[in-house]
Each structure stands twice: as C-alpha cells, then as structure tokens.
Amino acid sequence: MKRVAILISGGGSNMVALAESMAGDHPARPVLVLSNVPGAGGLARAEAMGIPTEVVDHRDFKSDRQAFESELISKIDEYAPDILALAGFMRILTPLFIDHYAGRMLNIHPSLLPKYRGLDTHARAIAAGDAEAGCSVHEVTAELDGGPILGQARVPVLSGDTPEALAARVLTMEHRLYPAVLRRFAAGDRTLVTLP
C-alpha cells in the first residue's frame, strides 16, 4: 500500500477528491495533508476525514526558501510517503525539494499543458480564443509545469465565458482526473489518462 502526502494552500477540494478516492482496492492511502497557510480550509476538511495534518508557514521563513523547504522535507518525511500530490500548493519549489522527491511527485495544473504554464490560465485561454481548455496532471520537475504529462481532461470554452465560469467547469474535471491518475501512478502505471 503506497503512502500519499497531499500538499495544499487553500480549501482543498482536490485533496478531498484524492482522499475520498483512496479507499477499497485502491493501491494507496492518504497519510498526511500539509499546508503552507495556517487556517487553510483544507486542513479542517482533512481532519474531519481523519487524516493527520501539518502546517509549515512559509511566512515564518521570510525569503529563505531553502530553510522553508528544509522544514517542509523534515515534516513530510516523518510520515514516510511514497508519493507527494500537490493539490493547489501555491509555492514554486526549488531543486532542493524537487530532487528529494524526484519521480514521486505529482501536480495538477488548470490548463492543457504545455499551454499556459503559471497563473491566470483561464483568462489566457479565453483571451487567445481557444475552443477548449482543461487541466493536466504531471510529474513535478525543476521546469515549472513542465514535467511529463500523465493525464489531461478537456472542457469547451463557451461563448461569453468568464475566467470564473471556465474555472468552475475545469475544477469539476480536475476532481475526476487527479484521482484517476493517482490510482494508476500508485500502481506503477505512467500511461496517459485522458478524459473528454
């Protein structure tokens, strides 16, 4: 049984989808939900699901990213996870952290990578006149949103769409895609998952 640590910064809706999926014959179980934001809504949701939680507040480390990541690693490794799932963890990670968990870390990003790495993905897709948008699950590497893609889900961009409306439709697909990719990844299968 693989052990999964989930990293969040906010409400944790993808964390909940992942945690709820890890039941029955699933090859993994959640062992930790960690946030860099004290009081993040996802922490209470994790506690209600019986998942241990930890907080490492990035603000305590000023601009010393290495010290922040060293403390993150220390906390995470207490739980001996096999897989790290970033689920709305809003920190750009350095090679110190990425190398420590190389080949074991997943992230979900709200665009059809390699399009629209970084922020404001929905507004950028609308501004470009794209016919479709979506989300991608990828392995985390040193290149921002640039690791091997393990899954993608697509939604149409509708006439008159706002970034908020598009984001809501994409989020629904994120909650389906991320658990599907995690299940395969935990079983040692890195073949691409695609949802229409």
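I took contact to mean heavy atoms within 4.5 Å. I also kept in mind that this is a predicted model.

**Entry 1, a helix.** I began with α2, residues 41–48, and found that its buried residues are Gly-42, Leu-43 and Ala-46. Down the axis of α2 they fall within an arc of 105°, so they line one face of the helix.

What do the buried residues of α2 pack against? I listed β1 (2–8), α1 (13–21), β2 (28–35) and β3 (53–55). After α2 comes Gly-50, and I noted its positive phi, near 80°.

Next I looked up Asn-14, which sits in helix α1. Is Asn-14 buried or exposed? Its relative accessibility is 7%, under the 20% cut-off, so Asn-14 counts as buried. Leaving out residues up to four places away in sequence, I found Asn-14 touching Ala-87, Ile-108, Leu-171, Glu-174, His-175 and Tyr-178.

I then turned to the largest pocket, with a volume of about 920 Å³. It is lined by 40 residues, and the closest to its centre are Phe-89, Met-90, Asn-107, Ile-108 and His-109. Among the elements that give two or more residues to this lining are α1 and β5 (105–109). I noted that α6 gives the most, with four residues. By class, I counted 19 nonpolar, 14 polar and seven charged residues in the lining.

Definitions and conventions
Residues are numbered from 1 along each chain as its sequence is written. This is a predicted model: local features need pLDDT of at least 70, side-chain atom pairs count only at pLDDT 80 or more; totals for chains, interfaces and linings use all residues. Side-chain values use heavy atoms; hydrogens and water are left out. Buried means under 20% relative accessible area, exposed over 50%, partly exposed in between (1.4 Å probe, protein chains only). The arc is that of the directions from the helix axis to the C-beta atoms. On a 1 Å grid over the protein atoms alone, a cavity is a set of points where a 1.4 Å probe fits but cannot get out, and a pocket is an open set with protein on both sides within 12 Å along at least five of seven lines; lining residues have an atom within 4 Å of a point. Grid points are joined across faces, edges and corners, and a volume is the space filled by probe spheres set on the points. Ala, Val, Leu, Ile, Met, Phe, Trp, Tyr, Cys and Pro count as nonpolar, Asp, Glu, Lys and Arg as charged, and the others, Gly among them, as polar.
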